[in-house]
Amino acid sequence: MNETNDRLLEVKNLVKWFPIKSSVFKRTIGNVKAVDGISFSIRRGQTMGLVGESGCGKSTCGRTILRLQEKTSGDVLLNGQDIFALNREELRKLRPKMQLVFQDPYSSLSPRLPVGEIIGEAVREHNIVPKEEFDAYISRVMDVCGLPEYYKERYPHGFSGGQRQRICIARALALSPEFIVCDEPVSALDVSIQAQIINLLKMLQKEFGLTYLFISHDLSVVEHISDAVGVMYLGSMVEYAETAKIYSNPLNPYTQALFSAIPIPDPDAHINRIILKGSIPSPANPPTGCKFHTRCAYCMEVCKYAVPEWLEVEPGHFCACHLYDTSEAKAKASETMERMKRENVAVGGKEVL
């Protein structure tokens with residue numbers, strides 16, 4: 001299988017902005033740049049971890065990929081098919097192939113439906129199996145996810161958080177998907193239960209050939225489950241590489257700071273924790289140039305003006321940072337900086353900071 005066909009999901013320059021409306025005339029006066037031009041791909045049967053601070057756009061990225069909300073621009077290809085080019089009926093046929101496991105197992109399940117109906121509702125809607133096989137099919141799915149058959153008649157309020165998350169996973173698995181977005185699926189669970197859910201996801205991936213986009217704050221969990229990792233900051237992708245490569249050699253200063261916060265289970269180990277100064281800027285008014293320059297210890301003058309290029313610093317290891325600019329990229333960034341300085345002087349405006 002060639003490299004192109006091996007990619008189940010391809011995301012190209014995806015942008016999702018939310019308009020800010022004025023209170024009186026409802027005119028658009030700005031945009032919250034939740035996802036601001038990110039690109040990546042995921043191979044079949046593999047897991048890509050997506051990490052970053054709260055509010056950086058991870059969940060918005062996942063939901064936009066699934067077309068639960070419309071894009072502003074960019075392309076999302078599943079099996080080479082442009083998801084946003086599909087009409088309503090075509091999208092409905094594709095829905096079973098891409099599923100979502102929500103972060104909160106408490107609010108993502110209807111309290112009015114028994115477990116069997118929660119798992120089987122979409123199965124019946126999409127005619128996944130004939131009516132006479134429906135009950136046995138739901139039982140098989142529940143068994144694979146570690147749920148006894150007698151849970152079918154019980155309601156969500158009678159289960160623990162880990163059991164509810166198993167129900168959410170079973171609901172997604174019942175549609176025979178190829179691609180699942182796991183939106184922080186273990187963040188609301190105890191550590192021991194987290195391990196069970198992670199092991200379940202890995203077992204299901206091996207057995208059914210599933211492909212995951214795994215969104216999480218827990219960097220240790222991401223390292224354990226992911227084949228590749230992308231790091232987001234303020235709507236942009238700042239680094240991407242295979243898991244072993246990015247954890248052993250993080251290049252971007254933001255990635256270095258993020259990974260330095262990973263706890264080490266050794267009381268005698270010395271942790272070189274990198275403390276970031278200031279708070280994350282508003283996505284409605286991000287800084288010019290590199291978005292991270294307001295908090296970066298390595299900030300140079302050019303960082304305040306020119307957006308760093310997305311470059312392959314080493315084979316398979318991509319980074320957007322002026323520290324790794326090629327000579328061509330340096331020349332282009334310097335030209336941009338000088339032009340912006342001249343324009344500011346010419347109009348008499350404020351200096352770009």
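We'll visit a pair of helices and then some aromatic rings. This is a predicted model, where local features need pLDDT of at least 70, side-chain atom pairs count only at pLDDT 80 or more, and totals for chains, interfaces and linings use all residues. Residues are numbered from 1 along each chain as its sequence is written, and side-chain values use heavy atoms, with hydrogens and water left out.

**Stop one: two helices.** Select residues 161–173, helix H6, and residues 191–208, helix H7; their axes come within 10 Å and cross at roughly 15°. That makes H6 roughly parallel to H7 (angles under 35 degrees count as such). Now show the side chains in contact (heavy atoms within 4.5 Å): among them are Ile 169 and Leu 173 of H6, and Leu 200 and Leu 204 of H7.

Stay on H7 and pick Gln 196.

**Stop two: aromatic rings.** Next, select Tyr 151 and Phe 159, an edge-to-face pair with 4.8 Å centre to centre and 70° between the planes. (Rings of Phe, Tyr and Trp, the last by its six-membered ring, pair if their centres lie within 6.5 Å; planes over 60 degrees apart count as edge-to-face.) Both Tyr 151 and Phe 159 are buried.

Tyr 233 sits in strand E9 and Phe 292 in a loop, 59 residues apart. Tyr 233 is buried at 1% relative accessibility, and Phe 292 is buried at 4%.

How values were computed:
Axes fitted to C-alpha atoms, helices over the stretch in contact; angles between N-to-C directions. Helix = DSSP H or I, 4+ residues; strand = E, 2+ residues; numbered from the N terminus. Parallel < 35°, antiparallel > 145°, perpendicular 65-115°, else oblique. Phe/Tyr/Trp six-rings, centres within 6.5 Å; stacked < 30°, edge-to-face > 60°. Buried < 20%, exposed > 50% of the residue type's maximum accessible area, 1.4 Å probe, protein only.
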